[in-house]
Structures are given as C-alpha cells and as structure tokens.
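Subject: Structure for your review

Dear colleague,

Please find the sequence and structure below. A summary of what was found follows directly after.

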Amino acid sequence: MLITHNLGVVAEVCEDVAVMYAGQIIESGPVKEVFLHPAHPYTQGLLRAIPMLNTTAKTLESIPGVVPTVQNFPKGCRYAPRCAYAKKECSQERPSRRDLGNGHDVACYLIEEESVTCRETNQFCK
C-alpha cells in the first residue's frame, strides 16, 4: 500500500488506486481506468491540476473551496460544498458506490445512466 498525493508516482508504481476525499473513498479502480476515465468531479479536478510539459499554461488549475474539518463534515457527500455539479441529494445523504465496470467504482449521485457515457469526455452530461 502506498499513500501519496503525488499522482505521477501512482501512475508509475501502482496497479490500482483509491481516491479519497475528507477520509472517504470516492473513486477506485485500476490506475489506467481511473486516470483515463475519471468519474468523480474531485478526481477530475485532481487530474486537471497535474502540471503538463506539453502545455503553455502558466498557472495550474485549482479546486475552489476548502476541505471540511473533521468537526464539520457535511451531512451528505463531503465534496458537495465544493462541487460545481452538486444536486440537492448530494447535500442530504452520502452516495453509495456504483460499479462502472472494469473494476472501477465511484460514489457520486451524478453517475446515472446518461452521465456514465459522458465520462469518456471527463465531463458530466448535466
């Protein structure tokens, strides 16, 4: 087991990955599957924040907001207050993990039949 914030190291040495946010696993699966087809908005944001050598961007993308404290975790999805795609149910109840196939799963209400096909573009349909 390797615990790190360095996704480059994960890509080089790991076969499987579990992405955690505020102490909860929000997405997991084979590294190649999760990195090529991230399904959770947090995972997508993390991957967009990786510096790339083949780009002219002068600043890295960041995820707005702050991580909640242990004393102040939100009731539903812990990422909901920072999520640009959050729906009403996201702030009411923690989503269960959904199987996306190929050993890849995600805990997100946004993953429904129509949005699963949109994860190929690393964006949600709605």
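In the largest pocket, strand 1 provides the largest share of the lining, with 5 residues. Strands (E, at least two residues) and helices (H or I, at least four) are DSSP runs, numbered from the N terminus. A pocket is defined on a 1 Å grid over the protein atoms alone: it is an open set of points where a 1.4 Å probe fits, with protein on both sides within 12 Å along at least five of seven lines, and its lining residues have an atom within 4 Å of a point.

Please note that this is a predicted model, in which local features need pLDDT of at least 70 and side-chain atom pairs count only at pLDDT 80 or more, while totals for chains, interfaces and linings use all residues. Residues are numbered from 1 along each chain as its sequence is written, and side-chain values use heavy atoms, with hydrogens and water left out.

The largest pocket

The volume of this pocket is about 620 Å³, taken as the space filled by probe spheres set on grid points that are joined across faces, edges and corners. Its lining comprises 19 residues, of which Thr4, His5, Ala18, Val19 and Met20 are the closest to the centre. Two or more lining residues come from each of helix 1, strand 1 (16-21) and helix 3 (41-48). By class, the lining has 14 nonpolar, 4 polar and 1 charged residues; here Ala, Val, Leu, Ile, Met, Phe, Trp, Tyr, Cys and Pro count as nonpolar, Asp, Glu, Lys and Arg as charged, and the others, Gly among them, as polar.

The chain as a whole

The chain contains 4 helices and 4 strands, in the order α-β-β-α-α-β-β-α from the N terminus. Of its 126 residues, 38% are buried (buried means under 20% relative accessible area, exposed over 50%, and partly exposed in between, with a 1.4 Å probe and protein chains only).

Salt bridges

The count of salt bridges is 3, each being a side-chain nitrogen of Lys or Arg within 4 Å of a carboxyl oxygen of Asp or Glu. Arginine 48 and glutamate 61 are joined at 2.8 Å, N to O. This pair links distant parts of the chain, 13 residues apart: arginine 48 belongs to helix 3, and glutamate 61 to the loop between helix 3 and strand 3 (97-101). Arginine 48 is partly exposed at 43% relative accessibility, and glutamate 61 is partly exposed at 41%.

Arginine 97 pairs with aspartate 105, with the closest N and O atoms 2.8 Å apart. Arginine 97 is partly exposed, at 42%, whereas aspartate 105 is buried, at 17%. Lysine 87 and glutamate 89 meet at 3.6 Å, N to O; lysine 87 is partly exposed at 28%, and glutamate 89 is partly exposed at 30%.

Proline 38

Proline 38 lies in the loop between helix 2 (31-36) and helix 3. Its relative accessibility is 2%, so proline 38 counts as buried. Proline 38 and valine 106 are 68 residues apart in sequence, yet their C-alpha atoms are 9.0 Å apart in space.

Leucine 2

Leucine 2 is located in the segment before helix 1 (7-13) and is partly exposed, with a relative accessible area of 45%. Together with Val9 and Val13, Leu2 makes a nonpolar surface patch of about 250 Å². Such patches are made of residues with over 30% relative accessible area and no salt bridge, with nonpolar side chains (Val, Leu, Ile, Met, Phe, Trp, Tyr) joined within 5 Å and like charges within 9 Å. Accessible areas come from the Shrake-Rupley method with a 1.4 Å probe, and for residues only the protein chains shown count as cover.

Yours sincerely
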